[in-house]
Amino acid sequence: MIKWSKVLLHLLAGSILVAQTILPVAAQTPLPPQQPNQDKPVARPVPTRTVGLQPGKVVRWTLRDAILAALEKNIDIEVERHNVRLAQFDLFAAQGFYDPVTSSTVFYNARRSPNTFIFSGSTQNFVENNNLTYNFSFVQQVERTGGNLQVNFDNQRVTSNTNNFTPQYSPSLTATYTQPLMKNFKTDTNRRQIKLAKKRLDLSDAQFRQRVIEIISRTQQAYWDLAFAIQDEQIQRDSVKLAETQLHNNQRQVEVGTLAPIDVVSAATSLESRRQQVFQAMNVVAQAENALKALTISDPNDELWTAQIIPVESFELQQVTLPLSDALKLAFENRPELKQYQLQKEQNLIDVDYYKNQTKPQIDVFFTYGLFGVGGQPRPNLPPPPAAQPDPTFVGGYGTALKNLFSNDFRTWRVGINFSFPLRNRTAEANLGRALEAGRQLDLQTRRMMQSIEVEVRNAVQAVEIAKMRIDAARAARQYAEQQLDGEEKKFQAGLSTTFLVLTRQTELSQARGSELRALADYNKAVAELQRVMSTTLSSSNIELKSEIPDGIQKK
């Protein structure tokens, strides 16, 4: 038994030695080559955008190009520009109350009636009067004092069988001026409407400037969104190329037997996933491009709709460093919203002055002065003198009548006063109270707007500073991701890594590049937002926006 045990031990030791010699050699022996598979994964090309675009039609824009296009063609800006013009016409209409008005009345009246009065001046059995009237008037409202001037120049030419003159001319010139002394003296309904119309014109111009700033800011945001979307699409396409390269490498290693076929499937799966990301990026580019076109196109038939817009502005803009106190000062000085509240406050003061005036009694002084003239030819067959003979001063024609008129020998004048005061004037008092209350409300709204502006400025300044930090962090992360991918690829080539880890590093690098690009785009958008909240968008873009109100229009 002992001898057999020793024999078995020697045999076992020999088997272990043989196994130790053979196994390393087997481990180094390559796998048999794989037969070509007709259904092996293939890298398919990624198409480009074609929907709604004309092939080869490309428009390259700087940021200023986009802003100028928005200023020229944006529909919202044009609407606000028309609002300013509408306000101008409202002012013209209000000022039209003080346009002088002339009128004229001309008519001919013929009348023959029975004569039953022995002293009628006619021996005939009828009285005949033919009257030609031609009157003229002139009315002028006085804007400065609220007075009213009315001048009437009346004329009659009468032929009659009872007058001493036939025809007889009877011109008269009368002027009446009425002047309020208390109510409606400093202000009245019409002057209030003119003042309010002027403020509304200023208000519409401020609203126009606000709309321009908003549209430019939105254009800047849309421009950087499109720039980011285009470069992000390129990042996704680069990621697809990395996956294609990895797929080809895996296929070659499978063919030589150094890699399992499942690694090819893993690379193909990652490739198709990245192709989907490219398609999603293409959709984002199309939406961003349409958003920018919507801000810079006014005509549905504009050729720009079929063009591809390529932003050429660099993401690496000059960094903005602005203390919070300076940003707040600029915002409070420049924001159109505060200007609009100031104009509304001035409108309210106009109402307060008007309603205060309406609580006063109505006292109007008036003065009338009239001139009269007469002239004509004596009627034939007058009774014998002296009673029936006319004064030689009146003998003549229409020229004699005008001479007598302007000789100021025949005149009349009148001066007087009109007084009106309601015993209770609740309407005016209520309107005044309402105007005062509206003024207090405007003060509160202004304070609320200033508080809102301060919050916006603080957030915008903070966003710019955080965006700077994000750029530094994203750039470092991208550099580390590049180093990780490079190292992982070298390990994979040395057989120390797997396809999964290489694909993971590729994905991480694409994400890091996208994050860096997003940080740069967000920084530029944050700067644009800071310019908007400080209302320095126009000056920062080197744009001088002239007022839509013609010079001197409010002085008329």
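What share of the 556 residues in the protein chain is buried? Buried residues make up 39% of the chain, where buried means under 20% relative accessible area, exposed over 50% and partly exposed in between, with a 1.4 Å probe and protein chains only. The model is predicted, so local features need pLDDT of at least 70 and side-chain atom pairs count only at pLDDT 80 or more, while totals for chains, interfaces and linings use all residues. Residues are numbered from 1 along each chain as its sequence is written, and side-chain values use heavy atoms, with hydrogens and water left out.

The secondary structure comes to 11 helices and 11 strands; these are DSSP runs numbered from the N terminus, with helices being H or I of at least four residues and strands E of at least two. Among contacts with a separation of 6 or more, 80% are between residues 24 or more positions apart, a contact being heavy atoms within 4.5 Å.

Helix 8 spans residues 398-406, and its buried residues are Thr400, Ala401, Asn404 and Leu405. These four lie on the same side of the helix because they cover an arc of only 145° around the axis, the arc being that of the directions from the helix axis to the C-beta atoms. Gly399, Lys403 and Phe406 are exposed on the face turned away from the buried side. The cover over the buried residues includes strand 4 (148-154), strand 7 (172-180) and strand 9 (362-372). Just after helix 8, Asn408 has a positive phi of about 65°.

**Aromatic pairs**

There are 10 aromatic pairs, counted when the ring centres of Phe, Tyr or Trp (its six-membered ring) lie within 6.5 Å; planes under 30 degrees apart are stacked, over 60 edge-to-face and the rest tilted. Tyr134 and Tyr398 form a tilted pair, since their centres are 6.3 Å apart and their planes stand at 55°. Tyr134 belongs to strand 3 (residues 126-141) and Tyr398 to helix 8, so this pair ties together parts that are 264 residues apart in sequence. Tyr134 is buried at 19% relative accessibility, whereas Tyr398 is partly exposed at 26%. Ring pairs also join Tyr134, Tyr169 and Tyr398 into a cluster.

Both Tyr134 and Tyr398 are touched by Asn155, whose other contacts include Leu132, Phe136 and Pro171. Asn155 is in the loop between strand 4 and strand 5 (156-160) and is buried, with a relative accessible area of 1%.

**Salt bridges**

The structure holds 29 salt bridges, each a side-chain nitrogen of Lys or Arg within 4 Å of a carboxyl oxygen of Asp or Glu.

Glu78 and Arg81 are both in helix 3 (residues 75-95), 3 residues apart, or about one turn of the helix. Glu78 is partly exposed at 28% relative accessibility, while Arg81 is buried at 15%.

Glu456 is partly exposed, with a relative accessible area of 26%, and Arg532 is buried at 18%.

Conventions. Lists of a residue's contacts leave out its neighbours within four places in sequence.
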